[in-house]
Amino acid sequence: MTRLRKDKVEHSRRSFLIGSVGSGLLMAFAPSINALEVVTGGASKQLAAKSFNPTVWFEINTDGQILVNIARAEMGQHVGTAIARIVADELGADWNNVEIKHVDTDPKWGYMVTGGSWSVFQTYVPMSQAGAAGRTVLIEAGARLLGVKPQDCTTKNSQIVAGDKSISFADVVKNGNIERTFSADELAEFQPKSPASRQLIAKSSQALDIPAKTNGTAQYGIDIELEGMVYARPVIPPTRHGSKVKSVDDSLAKSVKGYQGYEILQDPSDTVQGWVTVLADTYFGAVKAGNAIKIEYDLGETANVNEQDIISQGETLARDKTSGTLVVDKGDIASAAKNAKTSLESVYKTSSVLHFTMEPVNAAVEFKDGICHVHCGNQWQSLFLPVVAKAVGMSDDKVIIHQYYLGGGFGRRLAGDYMVPAALTAKALGKPVKLVFTREDDTRFDCVRSPSVQQMNAYWDADDKLLGIEHGAAAGWPTLAMAPGFMPEGVDKKGKFDPFSIAGADHWYTLQNHRVRAINNPLAQKTFVPGWLRAVGPGWTGWAVESFMDELAHKQNEDPIDFRLSMLDASGKNAGEAPVSVGGAKRLAKVLTDIRSKANWGQTLPKNQGMGIAISSGQERDMPTWGACVAHVEVDVESGTVKVHKLTGILDCGTVVHPDGALAQTQGSMLWGLSLALFEGTAFENGQVKDTNLNTYSPLRMNNLPELDISFVQNTEFPTGLGEPGLIAVAPAIANAIFNAVGARVRDLPIRPEAVLAAMPS
Amino acid sequence: MIEFSLNGKKIKSDAEADTPLLWVIRDEFGLKGTKFGCGIAMCGACTVHFNGSPVRSCSLPISAIANAEIRTIEGLENQHPLQKAWVEHQVPQCGYCQSGQIMQAAGLLATNADPSEEEIEAYMSGNLCRCMTYARIKEAIQDVAAQSDSVVQIYNPKREVQGVS
């Protein structure tokens with residue numbers, strides 16, 4: 001995690017250039033201090049020549065239009081709006097004049113990834129400083145034109161204002177002759193505006209991407225057409241790894257109108273093994289030909305693996321106290337276990353879960369003038385661009401990924417694996433190719449959220465004082481599969497672990513003895529490519545942590561909120577650090593205290609109804625968003641069916657940059673939490689997921705929409721992230737509510753009616 | 001050869017008779033606002049109006065639409081009150097399903113001016129939104145329903161202009 005952050009361009013020390021270019025004003029970070037040393041001339045000259053390829057962050061033209069370039073993927077979070085508002089607020093811009101543009105891959109944009117709820121967190125300071133530098137320069141130039149002193153000027157609504165005099169940004173830009181370079185040190189001097197003087201941040205606004213999404217004009221990857229392109233559809237082999245094509249019989253496919261043959265893909269990047277793509281002059285033709293073609297394979301070694309095999313391996317590993325890598329090792333859990341008078345052991349499991357983005361994965365690829373152009377929506381271009389390059393045998397600088405709106409990300413498009421078969425097919429065919437996965441192809445190629453097994457052990461002394469908790473979490477690891485360079489060492493230095501898959505287990509409760517083991521499940525790893533799915537690790541570690549906390553509270557006969565509060569003392573490592581986690585566990589205690597009254601905790605409910613509490617601190621300790629959720633459920637004791645009446649959520653993410661966007665993200669993420677708790681779960685069957693479409697896979701729909709009561713703690717702390725954290729506490733809150741309603745403790749996700757019935761006290 | 005009307009314009013397609021309308025709309029006539037989601041009529045991203053009623057174009061072969069009037073999201077021409085409400089309520093997130101959601105909701109309001117909450121839920125539950133924007137979809141529909149006590153007729157602006165009923 002740390003490494004990913006430090007690699008990021010926003011954190012490097014770079015100069016900032018502002019200059020008149022053509023008829024507009026360009027403001028850009030220089031790529032590095034060293035690059036500047038070899039370039040002579042002022043800011044304008046450098047910017048005009050683009051001689052060192054500056055990262056242009058934003059520009060103002062003579063009409064006063066402000067264009068902000070966005071290097072983040074738009075997948076529903078309105079990220080461009082949030083980032084542009086940070087810049088525009090510092091500039092003092094009229095929001096009506098701001099436009100955004102999502103850019104393609106170019107080294108100048110730096111490392112490109114959109115995930116982890118990082119976007120606002122990571123860009124807040126550099127974009128604030130860039131905006132402040134722009135304001136300074138506009139004021140200096142404006143003051144000269146107005147004949148006043150810069151210190152007497154402010155900016156507002158794209159005007160430089162001094163008393164009763166004012167001049168618009170447009171007029172300042174028209175006047176030209178602006179020239180200024182800020183050193184990295186000078187730039188660092190700018191502090192983000194004080195909350196009281198903000199004009200846009202934390203104020204209500206409409207997202208810039210929304211109108212196009214109501215009239216059919218928003219362009220997604222699947223909407224791309226290339227001149228002379230051929231449509232393709234993949235035939236997904238029986239195993240994710242190790243399949244080999246033995247023979248292809250396309251005699252029946254030949255009767256499909258427009259059928260253009262097939263390609264057996266040879267992939268030097270090893271992303272796809274045993275793949276055939278089927279070609280036609282229409283997509284429906286490719287779909288039909290794909291259904292008609294007969295392929296014989298040598299199967300990979302996981303052809304017979306079932307979900308239970310993976311779960312069983314996880315259970316064995318989680319039980320073995322020597323397995324895995326230590327991520328937390330506070331105190332001495334072994335002696336706590338030895339000295340314990342009483343103990344409790346619970347095992348929590350989660351099933352395989354599909355991303356099921358509404359837009360099936362797809363990519364259109366064209367080789368032109370020695371460049372491989374890939375067109376698609378993607379979240380982590382910098383991870384898969386080199387993979388595509390390797391697959392097609394070109395250097396990284398010869399591959400460009402053109403970005404479009406994503407018809408859902410949720411972590412699926414952090415993996416860019418779907419670009420590879422498109423690129424290989426286009427290369428083999430020598431023509432542009434648009435490869436679209438059918439829904440069934442998409443789910444069978446999904447990098448699912450791995451099934452997981454977590455064993456929790458708690459120990460008490462003779463005075464019934466809680467001594468500590470041991471937590472072993474076994475699953476397939478996305479980061480091991482796709483980005484092993486981002487895996488840190490465990491605290492015992494005995495191996496590396498996937499930080500994204502264990503986050504959440506390193507929670508903010510103060511325990512005397514606490515051990516967390518991150519355990520890779522090798523059978524999961526072999527059978528499929530584990531994926532990052534919205535809320536990633538905390539999305540399932542939170543299930544065990546917060547369900548178990550509830551079990552402990554009940555065992556100690558304490559109110560679950562009081563019990564949690566007693567451990568949220570913000571001592572030691574849980575004190576937090578300024579600026580991002582300032583206050584530490586105290587802020588968690590606050591949301592927990594607030595939700596007690598908000599949800600009217602403790603109210604008398606009708607029979608078979610109950611409330612449950614859970615908290616979250618996602619996505620990471622380095623970037624905590626403090627959250628609490630109360631679920632109000634009703635259980636049908638005949639069928640075991642659970643109905644969620646209401647979800648109450650309180651989140652503290654520091655400054656809320658784009659309030660309505662924050663609410664939308666939290667509505668979505670909390671409902672995702674509900675969907676994963678009750679409605680979503682598949683299973684591996686003979687090496688593949690068994691549910692491939694909506695006839696058997698059933699995410700939440702409007703008929704199961706509960707009442708939502710969501711609020712944000714109003715403060716001015718450093719903004720963290722909101723895309724995912726709302727999800728985390730929902731499933732355990734529901735399970736804890738089920739227990740309070742009917743006394744059934746469920747430990748498997750999704751929570752199926754049969755499991756509720758089976759767990760009912762007799 | 002199939003003839004039908006697409007957003008008020010008479011057109012002909014030579015596509016194979018079993019080709020789903022979705023691909024004809026998208027790839028032959030270039031109207032990309034109608035989306036491919038599941039291919040089995042269970043997500044609603046491909047919803048269009050067939051003689052005024054919402055249908056799933058991914059599972060409707062063009063042989064079944066001879067002489068029919070087909071309207072897509074583009075055919076609402078940004079004039080439908082639901083489109084305005086969708087912006088006001090900031091409904092879309094990723095936006096991929098929203099053409100289908102709007103077409104489905106327009107179908108509802110065209111026949112039921114003031115649907116109850118339960119009627120909205122029943123009518124809209126065939127349309128999946130993976131971003132889970134359901135609360136806002138419902139609010140936007142209720143908002144439009146509250147604005148008028150007559151059914152929302154303007155799902156077909158061309159029809160009014162041409163005086164065809």
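In this predicted model, strand 3 (residues 47-50) of chain B and strand 5 (residues 69-71) of chain B run antiparallel and are joined by two bridges. One of the residues involved is B:Phe50, whose bridge partner in strand 5 of chain B is B:Ile70. In general, the strands of a sheet pair through backbone hydrogen bonds, and the pairing may be parallel or antiparallel.

Chain B has an open sheet of five strands in the order 2-1-5-3-4, and its pairing is mixed. Strand 2 (9-13) and strand 4 (53-56) of chain B stand at the edges. Each of these two strands has a single partner strand, so one side of each is left without a neighbour in the sheet. From one strand to the next, the twist averages 40°.

B:Met132 is found in the loop between helix 4 (117-124) and helix 5 (134-147) of chain B. The phi of B:Met132 is near 65°, a positive value in a residue other than glycine. Most residues other than glycine have a negative phi.

A:Asn157, in the loop between strand 6 (154-156) and strand 7 (159-162) of chain A, has a positive phi of about 50° although it is not a glycine. Is A:Asn157 buried, partly exposed or exposed? With 15 C-beta neighbours inside 10 Å, A:Asn157 counts as partly exposed.

Two peptide bonds of chain A are cis. The bond from A:Ala578 to A:Pro579 is cis, with omega near 0°, and A:Pro579 is found in the loop between helix 18 (560-567) and helix 19 (585-598) of chain A. The bond from A:Gly618 to A:Gln619 is cis as well, with omega near 5°; A:Gln619 lies in strand 25 (residues 619-620) of chain A. Most peptide bonds are trans.

The next topic is the division of chain A into domains. The domain assignment gives domain 1 (2-194), domain 2 (226-301 + 357-444) and domain 3 (308-352 + 449-759). Taken over C-alpha atoms, the centres of domain 2 and domain 3 of chain A are separated by 36 Å. Where these domains meet, 14 residues of domain 2 of chain A are in contact with 16 residues of domain 3 of chain A. On the domain 2 side, helix 13 (residues 439-444) of chain A gives the most, with four residues. By class, that side has five nonpolar, four polar and five charged residues.

Finally, the two chains meet each other. How many residues of chain A are in contact with chain B? There are 46, and they are in contact with 44 residues of chain B. On the chain A side, the elements that give two or more residues are helix 8 (283-292) and helix 20 (659-678) of chain A. Helix 20 of chain A supplies the largest share, six residues. By class, the side of chain A that touches chain B has 23 nonpolar, 16 polar and seven charged residues.

How values were computed: Residues numbered from 1 in each chain as written. Chains lettered and ligands numbered in written order. Predicted model: local features only at pLDDT ≥ 70, side-chain atom pairs only at ≥ 80, totals over all residues. Buried ≥ 20, exposed ≤ 12 C-beta atoms within 10 Å, placed from the backbone. Contact = placed C-beta atoms within 7 Å. Nonpolar A, V, L, I, M, F, W, Y, C, P; charged D, E, K, R; others polar. Pairing = 2+ DSSP bridges. Axes fitted to C-alpha atoms, helices over the stretch in contact; angles between N-to-C directions. Domains from an automatic or database assignment.
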